[in-house]
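Okay, thanks for coming, everyone. Let me put the model up and then walk through a few charged side chains.

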Amino acid sequence: MPDGYDVIGDIHGHAEELKALLTKLGYEERGGAYRHSTHTAIFIGDYIDRGPNNLEVVLIVRAMVDAGTAQAIMGNHEYNAIGFHTVSRTKPGAFLREHSTKNVEQHKAFLLEQSVSRIEAAEALDWFKTLPIVYEADGIQFAHAAWHQPTVNWVKKRLDGGYIPTEEFLSASFNKGTAEDKAIETLLKGPEYRLPDAAGSFKDKGGHIRNEVRLAWWNSKRPLDLIEGSVGVPKGTILPFHQIPDDEFSGYEILESASATFFGHYWMTGTPNRLATNIACVDYSVAKKGGHLCCYRWRGERVLKPENFVKVPSSAK
């Protein structure tokens, strides 16, 4: 076991911020990879899309993984990219992930780089297929969006080596409503709760109409209403009072027994802080103006410390 783990949040193609953060953390580039004398980096997913240097980010992270100085897990953007570029075996002429206007726009930054660096992009896509859905080490749990123990247990039985998606799993997971789809939605995109009819819908930060809210699954308070129990609802959105059923949070109680649980995905803002004594999100909106690329430096503590967060500012405009 290393002396500590540096858990690094969503990078989204911001290579300069990644290099700045690694330098700030004390990593040095030697032999083609960033290295630290006592720490190992854990990358929490979402290496691509939105930023200007997607392929460079992949090269940096992949080199560290190959050198044994880091571990990387799957993000929803990597999973979506695999589906976007994989031809469906059941629908001739179609891809696993639809090439809709919304999906193309979300993936545009990667597609632009792919148009001029086809070999590097193809290698990146092949590497994405080797990324584990979740990762565990030394009693710590890492997932991109959520750690739901029943889903993790089920996925372990279905994936290569317990974590790597098979072709069959990938194909099934892009069919809405399958068990595979539900597992990916939970672990890589986060659990959602459908709004009651009286609440109607709202527009998310991207301007898309939403009929569901993302659950703040880490919140152990009960009961929870739509405001306390959700995350990512834009400021100013008016939602009626509605108590979320407690069973929507079933399966997350096991988090209390872990040394720590880390995840990204949720575009947090403000000063980085823990969400519970042993739970932290490390995504602080690097792809947005005013955001940061964030890391938590874990050194074995059971109670996470606010002072262990490290960040560098985003260059996004």
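**Salt bridges and a buried Asp**

So, Glu180 and Arg158 meet through their side chains in a salt bridge, 2.8 Å from N to O; by salt bridge I mean a side-chain nitrogen of Lys or Arg within 4 Å of a carboxyl oxygen of Asp or Glu. Glu180 sits in helix α9 (residues 179–189) and Arg158 in helix α7 (residues 149–158), so the pair ties together parts 22 residues apart in sequence.

Quick caveats: this is a predicted model, with local features needing pLDDT of at least 70 and side-chain atom pairs pLDDT 80 or more, while totals for chains, interfaces and linings use all residues. Residues are numbered from 1 along each chain as its sequence is written, and side-chain values use heavy atoms, with hydrogens and water left out.

Back to the pair: Glu180 is buried at 10% relative accessible area, and Arg158 is partly exposed at 34%. Buried is under 20%, exposed over 50%, partly exposed in between, with a 1.4 Å probe and protein chains only.

How many salt bridges does the structure hold? There are 11. Take Arg297 and Asp6, with their closest N and O atoms 2.7 Å apart. That one links strand β18 (residues 292–298) to strand β1 (residues 4–8), 291 residues apart. Arg297 is buried at 11%, and Asp6 is buried at 0%.

Terms used:
Helix = DSSP H or I, 4+ residues; strand = E, 2+ residues; numbered from the N terminus.
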